[in-house]
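Subject: Structure handover

Hello,

I am passing this structure on to you. Please take a look, then read my notes below.

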Amino acid sequence: MKPMIRALLALLAGLMTGVAVIASLEKLSHLIWPVPAAGVDMRDPQQLAALMQSLPLGALVSVVLAWCAGSAGGAWIGARLAGAPHARAIGLGVGGVIWLATAANLFAISHPAWMVAAGLVGCILGGAGVDVGALSGGPCGAAGETLGDVGGGDFGADQRQAVNV
């Protein structure tokens, strides 16, 4: 598969993974701390702000952790699937898109200040932390290993140079 197509598919897989992780963890949070949705108009900013103020601390912390885990999990999957030479860019790209979605959520719905800071910093650290891990071992395994070495195929010297991690 061409590296650019592989990178785009890895980006999509990473984003889908990140969203799935966030949705799953937030669903689990709602099972532990049910949100009283009866009588709350989700389009009314004042009612949403009052709802956010009434939620227990554990519910809010679990949402921040879901954002961070989604960023890290999606970036890891994206980087691993992209392979050389796009792993770093795809991992950071997935983390960046999750960060933008988190920022949009924080902008649309009033959140406590600590939650804004923790969510935005946590998403960056989640995506960038995965990037550091991917660079130390590379998406192929050991540092310096090529895609040809991992797959068992013999790419030839000139092609092996093009795909070195």
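**What was found**

Leaving aside residues up to four places away in sequence, Ala-69 touches Val-21 and Leu-25. This is a predicted model. Ala-69 sits in helix H3. Its relative accessible area is 28%, so Ala-69 counts as partly exposed, between the 20% and 50% cut-offs.

Now the helix itself. H3 has 26 residues. At 1.5 Å a residue, they should span 38 Å. The end C-alpha atoms are 37 Å apart, which agrees. After H3 comes Gly-83, with a positive phi near 65 degrees.

Next, the largest nonpolar core. The core has 18 residues, and Trp-67, Ile-90 and Met-115 touch the most other members. Two or more residues each come from helix H1 (3-32), helix H3 (57-82), helix H4 (87-108) and helix H5 (113-137). H3 gives the most, with 6 residues. What does Met-115 touch, not counting residues up to four places away in sequence? The list is Met-52, Leu-60, Val-63, Val-64, Trp-67 and Leu-106.

In soluble globular proteins, nonpolar side chains tend to be buried together. Leu-125 is another matter. This residue lies in helix H5. Is Leu-125 buried or exposed? Leu-125 is exposed, because its relative accessible area of 58% is over 50%. Its C-alpha atom is separated by 8.0 Å from that of Ala-72, 53 residues apart along the chain.

Best wishes

Notes. Residues are numbered from 1 along each chain as its sequence is written. This is a predicted model: local features need pLDDT of at least 70, side-chain atom pairs count only at pLDDT 80 or more; totals for chains, interfaces and linings use all residues. Side-chain values use heavy atoms; hydrogens and water are left out. A nonpolar core is a set of buried Ala, Val, Leu, Ile, Met, Phe, Trp, Tyr and Cys residues joined through side-chain atoms within 4.5 Å. Buried means under 20% relative accessible area, exposed over 50%, partly exposed in between (1.4 Å probe, protein chains only). Helices (H or I, at least four residues) and strands (E, at least two) are DSSP runs, numbered from the N terminus. Contact means heavy atoms within 4.5 Å. The expected span of a helix is 1.5 Å times one less than its number of residues.
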